[in-house]
Amino acid sequence: MHLQGKHIVLGLSGGIACYKAAELCRAMVKEGATVQVVMTEAAAQFITPVTMQALSGRPVFDSQWDRRPDNNMAHINLSREADAVLVAPASADFMAKLLHGRADDLLSLLCLARPIATVPLLIAPAMNREMWSHPATQRNVAQLRADGSFVLDVGAGDQACGEQGDGRMLEPEEILEDLIAHFQPKVLQGRRVLITAGPTFEAMDPVRGISNLSSGKMGFAIARAAREAGAQVTLVAGPVALASPRGVLRIDVRSAQDMLQACQAQADASDILIATAAVADWRSADAAQHKIKKDGSGLPPELHLVENPDILATLAASARGRSGALFCVGFAAESQNLLELASAKRVRKDIPLIVGNIGPQTFGQDNNALLLIDAQGATELPRNSKIALARQLIARIAQYGIRTIS
Ligand code: C5P
């Protein structure tokens with residue numbers, strides 16, 4: 001329930017994308033928000049207030065002359081109650097209207113009347129690609145941003161008009177993720193965060209290899225939380241079956257050596273490294289070019305292994321070499337003696353912070369419990385969802401006063 005206790009005014013202006021607003025409304029309610037729908041006259045041409053009332057569980061407002069409010073000031077009441085106003089879809093015409101501070105219908109009126117310092121305005125544009133790329137629209141987007149509105153991205157692809165290009169409204173789940181992110185404190189604004197996640201896969205032959213049961217969920221949750229906190233996030237992921245968090249640059253790799261290379265290419269331009277990957281300790285010294293076959297002797301093949309590079313320790317050491325601007329956070333997955341083993345690992349890898357967790361209780365799960373260990377001691381983050389823990393960890397990392405290299 002990422003929007004528990006939040007009250008959102010969901011504004012619909014006219015556009016085919018109104019059909020997506022129905023799903024968006026439902027998704028926001030599912031996340032715990034109360035949703036008050038406000039529609040323009042044009043929006044009601046595309047989807048009925050009946051549908052939006054049923055999904056939000058509240059009568060829709062669609063007129064500035066609505067006599068239901070005792071004071072007859074719907075624009076004031078609705079905008080004072082809201083934690084945010086989200087206009088989705090926002091047509092080209094509606095954005096132009098907002099830009100000029102016009103207020104000739106209830107939705108534009110309440111956008112103008114909202115307390116600008118406390119009630120953010122999020123705008124999800126939706127229009128034909130020519131309308132989107134038109135200099136007038138682009139000028140309006142830039143000015144709306146300069147005026148303090150949050151104009152979300154648009155999607156690309158097939159458009160209802162049959163053309164292809166930029167301008168589609170984002171999908172409901174993408175808008176939802178952006179809205180949830182909006183409410184998170186921006187404790188890492190502008191920081192560049194590099195995250196490793198998932199297992200690595202070390203080939204023995206073209207079809208087999210050494211790997212482990214890491215699902216990547218913890219690392220992906222941390223990537224999402226870092227982005228929500230305002231960071232620029234690069235996520236170097238081993239083979240996992242997870243969708244990328246929004247707004248995160250993802251680099252897919254397979255082996256530990258690939259992961260090291262990808263990280264080295266990013267490290268100089270990063271302020272923080274969070275190494276959650278469960279990197280395979282060993283790889284085959286001589287991976288076979290063709291599938292290894294049974295030879296009938298009943299004896300297994302001899303496997304020669306060599307140790308993989310320690311990505312975290314390597315990056316931490318080279319950052320120290322160039323004056324230590326990379327704040328390094330490690331993870332330790334243990335099966336026992338968490339405090340003792342993780343503390344020793346922190347010292348051995350010479351990093352300021354290590355996060356201990358019990359391997360069998362985290363791999364593949366949606367919940368986890370963390371033990372944060374630094375030079376001062378240990379702090380427990382009790383069992384919770386991985387995204388909740390990730391947000392707590394990011395808040396903690398932000399307290400270390402990390403220097404930004406530039
Ligand atoms: O030594 P151990 O594998 O237990 O250390 C765990 C920490 O070190 C994790 O942060 C993990 O991502 C990182 N690590 C690494 N490269 C390795 C092994 C571990 O970056 N080869």
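Which residues surround the ligand? The views below come from a predicted model, in which local features need pLDDT of at least 70, side-chain atom pairs count only at pLDDT 80 or more, and totals for chains, interfaces and linings use all residues. Residues are numbered from 1 along each chain as its sequence is written, and side-chain values use heavy atoms, with hydrogens and water left out.

**View 1. The shell around the ligand.** Ala275, Ala277, Val279, Pro309, Asp310, Ile311, Leu312, Gly330, Phe331, Lys345 and Lys349 surround the ligand; a residue is near a molecule if one of its heavy atoms lies within 4 Å of it. Seven of these shell residues are nonpolar, one is polar and three are charged, with Asp, Glu, Lys and Arg counted as charged and Gly among the polar residues. At least two shell residues come from each of helix H12 (311–321), strand E16 (327–334) and helix H13 (338–349). Helices (at least four residues) and strands (at least two) are DSSP runs, numbered from the N terminus.

**View 2. Polar atoms at the ligand oxygens.** A polar side-chain atom of Lys345 is 2.3 Å from a ligand oxygen atom. For Lys349, a side-chain N or O atom lies 3.0 Å from an oxygen atom of the ligand. Phe331 places a polar backbone atom 2.8 Å from a ligand oxygen. The protein covers 86% of the 440 Å² of accessible area that the ligand has on its own (Shrake-Rupley method, 1.4 Å probe).

**View 3. Leu106 in helix H6.** Leu106 is in helix H6 (residues 106–113). Leu106 counts as buried because its relative accessibility is 3%, where buried means under 20% relative accessible area (1.4 Å probe, protein chains only). The C-alpha atoms of Leu106 and Asp66 are 9.2 Å apart, and the two residues are 40 residues apart along the chain.

Key:
Polar contact = N/O pair within 3.5 Å; in protein donor to acceptor, adjacent residues only side chain to side chain. Buried < 20%, exposed > 50% of the residue type's maximum accessible area, 1.4 Å probe, protein only.
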